[in-house]
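Here is a short report on a structure with more than a few parts to follow. Keep the view open while you read, and find each residue as it is named.

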Amino acid sequence: MKPIFQYIILFVLGTTLVSCELDNVEPPKSLLTGQIVYQGTPLHLEPNRVSFDLYQDGFGKTGALGSNFDKDGAFSHLLFDGEYKMVIPSGQGPFVSLETGGSETSPININLRGSASLNIEVVPYWVIKNASLSISSGTVSSDFALEQIAAGSDAKNIERVTLYISKTQFANSQTNVATSTIQMGDITDINAVSLSAQVPDLVPAQDYVFASVGVKIAGVDDMIFSPTEKMNL
Amino acid sequence: MKNINIIFLTILISFISSCESDTDFLDRPPVEVISTEQAFTDQNQVLSILANLYDRQFSVYRLNDWQSFSDFNEVFVSSNDNLTARWHTNNTWPFGGINNYWTTWDYTYIRELNLFLERIVDSPIPDNVKSTFTAEARFLRALYYLEMAKLYGGVPIILESQTYDFSGDPSYLQVPRSTEEEIYDFVISEAEDLKSLLPANPESKSRASMGAALAMQAQAAVYAGSLAKYGANTPSVSLPAGEIGIPASRADAYYTTALNAATEVINGSAGTYALYKKNPGNLQENFAALFYDSDANPEIIFMEEYKLKFRTHGFTIVNQPRFGAEEEEGGALVPSLNLVQSFELLDNTFAPLATVDGSGDPIYYDNQEDIFANRDARLGGTVILPGSSFKSRPVDIFAGLQLSDGSVIAGDERGQLRDDVPGATEAQQVVGFDGPIGSRIQNAVTGFYTRKYLDPAPGSGRRGTQSEVSRIQFRYAEILLIAAEASFELGDPAAAAGFMNQVRERAGFTIPLVAGDITFDRIVHERRVEFALEGQYFMDLKRFRIAHQIFDGTPVTLNGLKSDIGLATKRSTQPWGLWPYKIFDPASPNHGKWIYKEVLSNRVTGADNWQLGNYYSIINNDILNNNPKLTRQPNQ
């Protein structure tokens, strides 16, 4: 009994000593964060819809580290130091793609040495301005103006504008409890658009809702949103 | 010393005696392995290799995988499997389709077809057999490229078996994508060659024939034509080098090719094909029989064959009506009301199923099937309706008893009896043996069952036997509708009406359509109801570029459901159902009559939202890594 016990002690001790340094690799420590902005203002998007690829060359095959932008256009990655290349594929996002020509999107080169922050300046097709959301007797109302940004051959029309009411902070086309939509043809003045929707009975009951306004642009999948606001019923 | 001599002698003798017979003994040809040369010396061997290639033909839609028919709200999936959580998966990019069939990239199959074509050249089999076998393999290769083209647009066209020379530089093996135009042109020109090389034999259903080559040509050309014309509706779905996107100027040429190929089949130059009309007395059963009758069926041009004991599928098992079924299984794919109501009335008009009258009161029907009266016979041939039967056994579909005060008594077990029904002296059955029970799976959750491709043969619903109903790849009705579509697009709606009326007459329509009736919506609608649950509809959504309008992420309201029927871009983001209720009110003349209510299952919570990128399948990173010459898809 005694020799076996000693062997076990020795074995455990040995593996602990040997594996300690050799087996464990330093975890990635450099935090790359950033945001999609237009003239310094964050662009609000639908979460899990607008994707980007992050490449690092020099290690054989170059598969992309992919991820999606959050609802406030932010992203974050914990990485090793190195040279990275970020690509937002053309057709992703409600903004003019950072395309240089051909089918290749122009990459954003990132030389990561320690944590860094990166703001990606884009030209959205449209923006929502002066959005104000209010609630009275169970009806959410919103007033806002629309402004076209992308011009020339990049200009695109609005298809519709929708007010989303949700039980969670994700007030968008995928998770909502009530919507109200106005088609572009029915908008008389893009400088003064209003939408309102009744808050339905919430199951289980809660005394607050979130709301946001989204603009669907013709021929583009991803919508542009106003900041989500929490409102007490 | 003496011993050494003996040993020496023994060694010597063994050398001498073994010397010659060693080669005989050791160099025996293996009995389990056949060399390539041997395989191609015998005609039957070659045929068995070809049979393997036939067995591997690709389709996104397969009878041995019922799930492949389950998307896009033409059916509701009432089965407890991985799909339940995956409804509305076309919300996201990339959408791989069910079991990722939309992302097939089987160049192993292409390589083996190419190897077959190269090796058969030196085979000593008779020349006429050799040329037919060669043409069949070329047909299968073109067919796979056509399926790839539908999913990806342009793909690398590889027509020889590639071999790596181990030089360390594989770049000479990396073929870039063709343009979308080139891949369709390739399929069309292969079909042009093959139609004279393949036998004009309409009896040959599961092997390539002249008719199959022409059908493939017509389908490829009409797809290419519609992509050229309607691709303009989604300008962001294109690639600058043309891997996706066909110039609009080519549309007319493609439609002409399609019309010519279809006309050749219709004129009988590939042998006699005709619409299936063996049972003119019962048009519904006639339409259903088209799919299960393999005995001299004049409509089938090419099919993926199933045969009892060799190659069977369980489509009938998973979709059969539950009551009295051969297994305690069935009702997995139940057609949605969206599909059912799109079948026209016999006066060529569209109407929702009449559940309420003008003032909103329910309409009482004496018999369950009365609500479906005077509709397209294809409805009953495609869907098992309440009041109809399967395998001579009436289905028992009703959701509950409705009392005089409007309240409903229902149950949560199939065929449940309850003795607490007010006004009843004895226990009453409160729900049908076939459902619908919304909280349960595998019953008529929408109020309907699937009929198309269900096999009425005894044993088809048993796991030990299964079904040998074959999947039809090309049939004569599709040729007629391709001819109709091409004629319409070429500005001859009168001819289009003529072709379409042939198909509609078989469905029981007595008033022919005239030139003025033919519109884009009519063309799309006719294909949707004729080919419902066969798979064509899904590819039509893509090539007509209407999917993003039909699946726009907005839920379907009841009013929305009942309006705009027959419109090609009608919203269909959620699958609705239609439940029959029996009136239980002994004092009323309506006692025992039926009313219907539209229902949306509480399991449907999302609304399909088609992403523009999904018009073409994603090319996986693995593939892109192995071949840097491949262009990425739009959105990728």
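Two residues are in contact if their C-beta atoms, placed from the backbone, lie within 7 Å. Helices (H or I, at least four residues) and strands (E, at least two) are DSSP runs, numbered from the N terminus. This is a predicted model, in which local features need pLDDT of at least 70, side-chain atom pairs count only at pLDDT 80 or more, and totals for chains, interfaces and linings use all residues. Residues are numbered from 1 along each chain as its sequence is written, while chains are lettered from A and ligands numbered from 1 in the order in which they are written.

**A covered helix**

Start with helix H9 of chain B, residues 283-292. What covers its buried residues? Helix H12 (377-382) and strand S12 (471-475) of chain B are among the elements that do. A residue is buried if 20 or more other C-beta atoms lie within 10 Å of its own, exposed if 12 or fewer, and partly exposed in between; these C-beta atoms, too, are placed from the backbone. By that rule, eight of the 10 residues of H9(B) are buried, and the helix is mostly covered. Among them are B:Leu283, B:Phe287, B:Leu290 and B:Tyr292.

**Chain B as a whole**

Chain B has 636 residues, and 47% of them count as buried. Its secondary structure comes to 19 helices and 14 strands. The C-alpha trace of chain B spans about 120 × 70 × 45 Å along its principal axes. Take the contacts in chain B between residues at least 6 apart in sequence: 69% join residues at least 24 apart.

**Two helices side by side**

Now find helix H5 (residues 127-152) and helix H6 (residues 180-197) of chain B. Their axes come within 9 Å and cross at roughly 155 degrees. Axes are lines fitted to C-alpha atoms, for helices over the stretch in contact, and angles run from 0 to 180 degrees between N-to-C directions. That crossing angle makes H5(B) roughly antiparallel to H6(B). The label applies to angles over 145 degrees; under 35 counts as roughly parallel, 65 to 115 as roughly perpendicular and the rest as oblique.

Which residues make the contact? From H5(B) they include B:Ala135, B:Phe139, B:Ala142 and B:Leu146, and from H6(B) they include B:Ile183, B:Val187, B:Ala191 and B:Leu194. The residues of this contact divide into 13 nonpolar, one polar and three charged. Here Ala, Val, Leu, Ile, Met, Phe, Trp, Tyr, Cys and Pro count as nonpolar, Asp, Glu, Lys and Arg as charged, and the others, Gly among them, as polar.

**The cores**

A nonpolar core is a set of buried Ala, Val, Leu, Ile, Met, Phe, Trp, Tyr and Cys residues joined through C-beta atoms within 7 Å. The largest has 166 residues, and B:Val187 and B:Ala258 have the most contacts inside it. Leaving out residues up to four places away in sequence, B:Ala258 touches B:Ala218, B:Ala221, B:Val222, B:Gly225, B:Ile482 and B:Ala486. Another core lies apart from it, with 40 residues, including A:Tyr84 and A:Trp126.

**Where the chains meet**

How many residues of chain B are in contact with chain A? There are 19, and they meet 14 residues of chain A. The chain B side has six nonpolar, 12 polar and one charged residues.

**Backbone details**

| Bond | Omega | Loop holding the proline |
|---|---|---|
| A:Val203 to A:Pro204 | near -10 degrees | between S15 (193-198) and S16 (208-217) of chain A |
| B:Gly435 to B:Pro436 | near 0 degrees | between S10 (428-429) and S11 (449-450) of chain B |

Next, look at phi. B:Asn374 has a phi near 60 degrees, a positive value in a residue other than glycine. B:Asn374 sits in the loop between helix H11 (337-340) and H12 of chain B. Is B:Asn374 buried or exposed? B:Asn374 counts as exposed, because it has 11 C-beta neighbours inside 10 Å. B:Gln466 also has a positive phi, near 65 degrees. Its place is the loop between S11 and S12 of chain B. B:Gln466 is buried, with 22 other C-beta atoms within 10 Å.

**Another helix**

Just after H16(B), B:Arg545 takes a positive phi of about 55 degrees.
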